[in-house]
Amino acid sequence: MPHHAVEDLFTQLEGAAATVMKTVLDDPDGALTGRWPLDTEERLRLAWWMAAQILRTTRQRKRLEHASRAAERLDVPAEVAAIASNNPHLTYIVEHLASLAFTLFARPWGLAFTSMCLLTSDVPVVLFNAPDAEDQLAAAAACDILLPLDPHRLLVLPGATMLARDPRKRTDHRLVIPGGVGIALVQVTYDVADAFVAHHPRHDPWRHWQPSGPRHPSPWNGDSHSAPMYSLEYESWLPI
């Protein structure tokens, strides 16, 4: 029953966010809609959806299971163990969803276009340098965040460092990301993915670039190498 209730909630959040995505992506007057920033209700719907995408991933589930594995003491039937192993993830989602949504809601958002074809994955909302942070709420409050929306458009939530350096980023803004920087965003998305990556068949980033270097480690798979680190800078302009 908890599984069904959570899935029903995700379905509601996705339906509410779909109309907001349409507003952002289907403006006939340009790639970066003039209806920016979003109004409060639209922003709230998208913030809840983004929070769900951060918490519900298989990477989060594996991270939580790995952290709790040392506390397991009893031998139980396989079917019971399977249910129990999911409970920490369900509890984690329920406890953090609202707080995370309002944390994202309160941050400044950048709507971006890039000439580089973008990649997405089973970790659609990427927390720079903190995809496996123990305190995901604190990480989501401070780090840069990337969310590809379609093959060439994305949301960027600038982190604490960028906000300290550039007052223009302390409110909602728009930006164009050069193709070279777009390549780096593809690398970040690829590095954080847990099981798969995806792209539009007519917008293949691999035609322009191939991934390199070590990806984010997966401790639950025995990885022990250091995680790559990223720093993002860009010029922005405010909506008129």
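## Strands and the sheet

Helices, of at least four residues, and strands, of at least two, are runs assigned by DSSP and numbered from the N terminus. With that in hand, let's walk through this model, which is a predicted one.

The sheet here is open and built from 5 strands, arranged in the order 3-4-5-1-6 with mixed pairing. Strand 3 (126-127) and strand 6 (173-177) sit at the edges with a single partner strand each, so one side of each has no neighbour in the sheet. Even so, strand 6 is largely enclosed by the rest of the structure, because 4 of its 5 residues are buried.

## Strand 1 and its two partners

Strand 1 (residues 110-114) shows both kinds of pairing. Towards strand 5 (residues 153-157) there are 4 bridges, and the two run antiparallel; here glycine 110 stands opposite valine 156. Towards strand 6 there are 5 bridges, and this pair runs parallel. On that side, leucine 111 has arginine 174 as its bridge partner. As a reminder, strands of a sheet pair through backbone hydrogen bonds, either parallel or antiparallel.

## Helices across the sheet

Helix 2 (residues 40-55) lies across strand 3, strand 4 (145-148) and strand 5, and its angle to strand 5 is about 85 degrees. Helix 7 (residues 179-192) lies across strands 1, 3, 4, 5 and 6, running at about 100 degrees to strand 6.

## The nonpolar cores

Which residues have the most contacts inside the largest nonpolar core? They are Leu46, Met50, Leu104, Trp109 and Leu155, in a core of 40 residues. At least two residues of this core come from each of helix 1 (2-25), helix 2, helix 4 (78-106), helix 5 (136-142), strand 4 and strand 5.

Beyond its neighbours within four places in sequence, methionine 50 touches Leu104, Trp109, Val125, Leu147, Leu155 and Leu157. Another core, of 17 residues, lies apart from this one and includes Ala112, Val156, Met162 and Tyr230.

## Arginine 202

Finally, look past strand 7 (197-198): arginine 202 is in the segment that follows this strand. Is arginine 202 buried or exposed? Its relative accessible area is 69%, and exposed means over 50%, so arginine 202 counts as exposed.

Arginine 202 and proline 151 are 51 residues apart along the chain, and their C-alpha atoms are separated by 9.0 Å.

Technical notes. Residues are numbered from 1 along each chain as its sequence is written. This is a predicted model: local features need pLDDT of at least 70, side-chain atom pairs count only at pLDDT 80 or more; totals for chains, interfaces and linings use all residues. Side-chain values use heavy atoms; hydrogens and water are left out. Two strands pair if DSSP finds at least two bridges between them. Contact means heavy atoms within 4.5 Å. Axes are lines fitted to C-alpha atoms, for helices over the stretch in contact, and angles run from 0 to 180 degrees between N-to-C directions. Buried means under 20% relative accessible area, exposed over 50%, partly exposed in between (1.4 Å probe, protein chains only). A nonpolar core is a set of buried Ala, Val, Leu, Ile, Met, Phe, Trp, Tyr and Cys residues joined through side-chain atoms within 4.5 Å.
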